[in-house]
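Keep the viewer open and follow along.

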Amino acid sequence: MFKPKAIYYEKEIINYPLGKELMEKYKEVPKVEIENHNNIEEMRKKSNKEFANMKKNLIIGIRKTHKFVENHKTQIT
């Protein structure tokens, strides 16, 4: 079972049932409030060799757009 090393979260997640559930489930895990889940300065500064350790964190954010971006690598027939 996955247990995150730390949780990086946008404060608005507590307005959503899943956000509340995750914060309660992992209440003992250290937490870091962030502004934007797509731009975490601390993570961007780390080198690629630290990627495996970065995957041990849970990042919780809110999707701000619902724009569909087509993936040209796959085709639906």
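Which residues point one way from S1, and which point the other way? Ile7 and Tyr9 go one way, Tyr8 and Glu10 go the other, and all are buried. "Buried" here is under 20% relative accessible area, "exposed" is over 50%, and "partly exposed" is in between (1.4 Å probe, protein chains only).

Before going further, some ground rules. This is a predicted model, where local features need pLDDT of at least 70 and side-chain atom pairs count only at pLDDT 80 or more, while totals for chains, interfaces and linings use all residues. Residues are numbered from 1 along each chain as its sequence is written, and side-chain values use heavy atoms, with hydrogens and water left out.

**The overall layout**

The chain has three helices and three strands, and from the N terminus they come in the order β-α-β-α-α-β. Both kinds of element are DSSP runs numbered from the N terminus: helices are H or I with at least four residues, strands are E with at least two. Of the 77 residues in the chain, 26% are buried. The chain exposes about 6800 Å², and carbon and sulfur atoms supply 53% of that; the areas come from the Shrake-Rupley method with a 1.4 Å probe, and for residues only the protein chains shown count as cover.

Now for contacts, meaning heavy atoms within 4.5 Å. Among those in the chain with a separation of 6 or more, 71% are between residues 24 or more positions apart.

**Strands and the helix over them**

Back to S1. It pairs with S2 in the parallel sense over four bridges, and tyrosine 9 has glutamate 33 in S2 as its bridge partner. S1 also pairs with S3, again in the parallel sense, over three bridges. There, tyrosine 8 stands opposite isoleucine 59. For two strands to count as paired, DSSP has to find at least two bridges between them.

S1, H1 and S2 together make a right-handed β-α-β unit. Right-handed means that, with the strands pointing away from the viewer, the path from the first strand over the helix to the second runs clockwise.

Which residues of H1 are buried? They are Gly19, Leu22 and Met23. These residues cover an arc of only 100° around the axis, so they sit on the same side of H1; the arc is taken from the directions from the helix axis to the C-beta atoms. What covers the buried residues of H1 includes S1, S2 and S3. On the other side of H1, Pro17, Leu18, Lys20 and Glu21 are exposed.

**Two salt bridges**

Side chains of opposite charge can pair when their charged atoms come close. A salt bridge here is a side-chain nitrogen of Lys or Arg within 4 Å of a carboxyl oxygen of Asp or Glu, and a search of the whole structure finds two.

| Pair | N to O distance |
|---|---|
| Glutamate 28 and lysine 3 | 3.7 Å |
| Lysine 27 and glutamate 24 | 3.0 Å |

Glutamate 28 lies in the loop between helix H1 (17-25) and strand S2 (31-34) and lysine 3 in the segment before strand S1 (7-10), so their pair ties together parts that are 25 residues apart in sequence. Lysine 3 is exposed, at 54% relative accessible area. In the other pair, lysine 27 is exposed at 56%, while glutamate 24 is partly exposed at 48%.

Asparagine 57 is in the loop between helix H3 (51-54) and strand S3 (58-60). Is asparagine 57 buried or exposed? With 10% relative accessibility, asparagine 57 is buried. Not counting residues up to four places away in sequence, asparagine 57 touches Phe2, Pro4, Lys5, Ala6, Tyr8 and Met43.

Alanine 6 is in the segment before S1 and is buried too, at 11%. Leaving aside neighbours within four places in sequence, alanine 6 contacts Val29, Pro30, Lys56, Asn57 and Leu58. The C-alpha atoms of alanine 6 and lysine 56 are separated by 7.6 Å, although the two are 50 residues apart along the chain.
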